[in-house]
Amino acid sequence: MPQDRSPLRDASLGKAAAYTALAPYYDRILAAGYDYSALGRYVAGLISAYAPAARSILELGAGSCPLAGHLAYPSHARVVYSDLSPAMLAASSQQPGLRRVAADATALPFRPGFDVCVMLMDALNYLLEADAVSACLGEAFAALRPGGIFIVNIAGDALCRELLSDLAQEGSLAECDYAIRAQYDPASRLLRTGFTFRFCSATEGDPVLRETHTQRIHTAATIRELAGRTGFEIAAAFDGQSHNPAGEASREIHFVLVRKA
Ligand SMILES: C[S@@+](CC[C@H](N)C(=O)[O-])C[C@H]1O[C@@H](n2cnc3c(N)ncnc32)[C@H](O)[C@@H]1O
């Protein structure tokens, strides 16, 4: 007889909004395979180079706040972690004392004056249309003080073609088995990722929960143009986590945008 491993009840089974089902497992399924220590060091380096006196930081699309545990931000800085998904912010509860605010990056509720705004690990790619990217850039601009910086990354077309054209992966956690299926369409630059969670249950059969994520792999030229129109100066567009200029073949780009006065 299988053990009842399901944390779910009937009402919550079926199809979930992006990050509702994934949230409790994100750290173990996706974040666990990523080197956040290296990303934390990289972000800390960018902040010390471009905003050395930073005292207030706003992270957008912070998810389960993995950067909080990886020395990305100066120890004396006041950091606000925000994300569209309350479930993702709740998943960071093992890190006590974090200031967490559920907020849509295209319509932020914060008072202006932050020294640094950060949006990493493809969160911007969830904004599918140029209008939404523009709205996010505008909100970040408004949240920053004049001279403040916005550090934002995008995944590159090259990375998606190489790793995500047709990815299928399966695994097991204590609570459930899961499957991931990613498909990237270079023509539309849309990346669709499906997550399926199968919970063993003695009483309910094998309940299944699914959610689908859709992302757009924006071009560097689009981000440059929209950022410029918002009033940002493009201080840097780095290839991956380097300090070399990004190019067409970059698998990931980190932009440092400066809010002009
Ligand atoms: C791939 S996760 C990255 C999370 C985190 N930055 C990290 O490094 O693990 C993308 C995040 O973007 C968030 N997101 C998607 N659309 C958003 C929006 N409009 N406003 C704010 N956050 C958004 C999702 O909820 C999710 O937590």
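## Helix 6

In this predicted model, helix 6 spans residues 220-230 and buries Ile223, Ala227 and Thr230. Viewed down the helix axis, these buried residues fall within an arc of 55°, so they line one face. An α-helix has 3.6 residues a turn, so residues three or four places apart point the same way. Ala221 and Arg229 are exposed, on the face turned away from the buried side.

The cover over the buried residues of helix 6 includes helix 4 (130-143) and strand 6 (144-155). Strand 11 (232-239) and strand 12 (252-259) also belong to this cover. Just after the helix comes Gly231, with a positive phi of about 115°.

## Nonpolar core

The largest nonpolar core has 72 residues. Those touching the most other members are Val116, Cys117, Met119, Ala140, Phe150, Ile151 and Leu257. Strand 6 gives the most to this core, with seven residues. Domain 1 and domain 2 both contribute residues, so the core lies between them.

Take Val116. Leaving out residues up to four places away in sequence, Val116 touches Ile47, Ala51, Ala54, Ile57, Gly148, Ile149 and Ile151.

## Two domains

The domain assignment gives domain 1 (10-18 + 159-216) and domain 2 (34-156 + 218-259). Their C-alpha centres lie 26 Å apart. Five residues from domain 1 and nine residues from domain 2 form the contact.

On the side of domain 1 that touches domain 2, helix 5 (157-163) and strand 10 (208-216) each give two or more residues. Strand 10 gives the most, with three residues. By type, this side of domain 1 divides into two nonpolar, two polar and one charged.

Key. Residues numbered from 1 in each chain as written. Predicted model: local features only at pLDDT ≥ 70, side-chain atom pairs only at ≥ 80, totals over all residues. Buried ≥ 20, exposed ≤ 12 C-beta atoms within 10 Å, placed from the backbone. Helix = DSSP H or I, 4+ residues; strand = E, 2+ residues; numbered from the N terminus. Arc of directions from axis to C-beta. Contact = placed C-beta atoms within 7 Å. Core = buried A, V, L, I, M, F, W, Y, C linked by C-beta atoms within 7 Å. Domains from an automatic or database assignment. Nonpolar A, V, L, I, M, F, W, Y, C, P; charged D, E, K, R; others polar.
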